[in-house]
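Here are my notes for you to read next to the model. Keep the 3D view open and click on each residue as you go.

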Amino acid sequence: MPRIFSGIQPSGELHIGNWLGAVQNWVTLQQSYDCLFCVVDLHAITAKYEHASLARRTREMALGLLACGVDPDRSTLFVQSHVAEHSELQWLLNAVAPIGELERMTQFKDKAQRVESVPVGLLNYPVLMAADILLYHADLVPVGEDQVQHLELTREVARRWNAEFGGGQDYFPEPQPILTEAKRIVGLDGGTKMSKSLGNTIGLLESPEEIWQKLRPAKTDPARVTRKDPGNPEVCNIYHLHKYFSPPETVAQVADNCRGAKWGCLDCKRVLAENMSLALAPIRERARELEAQPGRVEEILAAGAATAGRIAAETIREVRERMGFLQAERQADRRPDSGMAPPARLPV
Ligand code: SF4
């Protein structure tokens with residue numbers, strides 16, 4: 001079964017933009033692929049972040065993924081920093097990662113110009129992403145348009161490493177993208193991508209009342225100044241959100257009512273709020289069930305890290321060997337499930 005790796009940053013509670021843009025797709029993919037889904041907390045420290053809330057946000061993200069339907073019996077769900085080999089492989093891949101190409105990454109250039117002092121981690125971000133994927137010999141990576149360039153860099157790093165250390169073999173497969181339907185979910189301000197940092201989101205676990213309070217002031221077609229002014233649904237984010245949450249006949253009616261000034265924007269938003277609350281109800285319910293089982297999320301993440309760690313440890317062992325390192329005799333001791341006693345501490 002082909003293997004997929006995909007990661008998501010620990011931004012805390014999932015919002016509808018994450019769900020529609022990525023997580024719904026994960027839930028579908030796990031039916032047909034061997035999936036590793038990772039909360040990528042190591043990526044989160046490449047920009048300024050709130051360290052006091054990182055652990056909480058990481059757990060909330062994991063809980064949200066499980067509530068959305070990521071199934072730990074089918075997929076491996078884990079936290080990136082719980083498998084130390086991600087960092088190790090990143091360092092080892094630095095031996096072949098081309099700095100010129102890293103500097104040309106659009107995301108790097110964009111983010112670097114917004115900070116006074118550019119951390120090395122920001123430049124190195126795509127190498128860590130390459131490590132995430134190559135560590136598991138993933139065949140496929142679901143990518144949005146903003147990650148295509150990073151995946152191409154992963155392929156380049158794999159080619160360079162294979163040429164240098166592969167001994168005539170393609171040890172690392174070049175992962176292929178799974179190009180999913182580009183869903184760019186616009187935030188409630190109607191202008192930019194939905195993003196928690198911009199405060200323009202609706203959380204997946206929000207109550208119907210909270211959803212309504214967020215939708216009520218959301219931006220619509222500015223041409224609809226009064227109820228009698230006809231509008232253009234195509235320029236209104238509320239209409240596009242209807243397409244994801246309302247049945248097709250309602251979507252058609254929304255467009256007709258808007259163009260013909262047959263209802264007000266609050267009426268339109270009320271229908272959206274009801275359909276959205278209905279669609280998200282099972283997710284809220286699963287989240288409640290998980291919260292009612294103390295330690296369950298942690299247990300799932302520990303099992304996921306153990307599964308991922310076994311694959312990762314084998315890859316690192318082979319990579320070290322191919323790169324010429326002296327193998328540590330008792331390397332397996334580091335795995336808690338290896339059944340071996342931990343190595344004695346050296347006296348200092
Ligand atoms: S009626 Fe609906 S689709 Fe039209 S502008 Fe208002 S909120 Fe948007």
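Let's start with a cysteine: is C38 buried or exposed?

1. **C38.** C38 counts as buried, because its relative accessibility is 0% and the cut-off for buried is under 20%. Before going further, keep in mind that this is a predicted model.

2. The structure holds zero disulfides. For C38, the nearest cysteine sulfur belongs to C35 and is 13 Å away. C68 is in no disulfide either, and its nearest cysteine sulfur, again that of C35, is 15 Å away.

3. Now click on the ligand. Around it you will find T220, D221, R224, C236, I238, Y239, C258, W263, C265 and C268. Two elements give two or more residues each to this shell: α10 (237–245) and α12 (265–291). The ligand takes up the space of the largest cavity.

4. **What kind of residues are they?** How many residues of the shell around the ligand are nonpolar, polar and charged? The shell divides into seven nonpolar residues, one polar and two charged.

5. **Salt bridges, starting with R74 and D71.** The count for the model comes to 22 salt bridges. One of them joins the side chains of R74 and D71, with 3.9 Å from N to O. The cut-off is 4 Å, so this pair makes the count. R74 is partly exposed at 44% relative accessibility, and D71 is partly exposed too, at 25%.

6. **R155 and E152.** Here the side chains meet in a salt bridge with an N to O distance of 3.2 Å. How far apart are R155 and E152 in helix α8? They are three residues apart in that helix (residues 148–165), which means about one helical turn separates them. R155 counts as buried at 16% relative accessibility, whereas E152 is partly exposed at 38%.

7. **E299 and R296.** This salt bridge, 2.7 Å from N to O, links the side chains of E299 and R296. Both sit in helix α13 (residues 296–322), and because they are three residues apart there, about one helical turn lies between them. E299 is partly exposed, with a relative accessible area of 49%, and R296 is partly exposed as well, with 28%.

8. Next, follow the shared partners.

9. **Two backbone angles to check.** Most residues other than glycine have a negative phi. H137 is not a glycine, yet its phi is positive, at about 50 degrees. Where is H137? Look in the loop between α7 (120–134) and β4 (140–143). H137 is partly exposed, with a relative accessible area of 23%. A261 has a positive phi as well, near 50 degrees, and is also a residue other than glycine. You will find A261 in the loop between α11 (248–259) and α12, where A261 is partly exposed with a relative accessible area of 21%.

Terms used:
Residues are numbered from 1 along each chain as its sequence is written. This is a predicted model: local features need pLDDT of at least 70, side-chain atom pairs count only at pLDDT 80 or more; totals for chains, interfaces and linings use all residues. Side-chain values use heavy atoms; hydrogens and water are left out. Buried means under 20% relative accessible area, exposed over 50%, partly exposed in between (1.4 Å probe, protein chains only). Helices (H or I, at least four residues) and strands (E, at least two) are DSSP runs, numbered from the N terminus. A residue is near a molecule or strand if one of its heavy atoms lies within 4 Å of it. On a 1 Å grid over the protein atoms alone, a cavity is a set of points where a 1.4 Å probe fits but cannot get out, and a pocket is an open set with protein on both sides within 12 Å along at least five of seven lines; lining residues have an atom within 4 Å of a point. A molecule sits in a cavity or pocket if more than half of its atoms lie within 2 Å of its grid points. Ala, Val, Leu, Ile, Met, Phe, Trp, Tyr, Cys and Pro count as nonpolar, Asp, Glu, Lys and Arg as charged, and the others, Gly among them, as polar. A disulfide is a pair of cysteine sulfur atoms within 2.5 Å.
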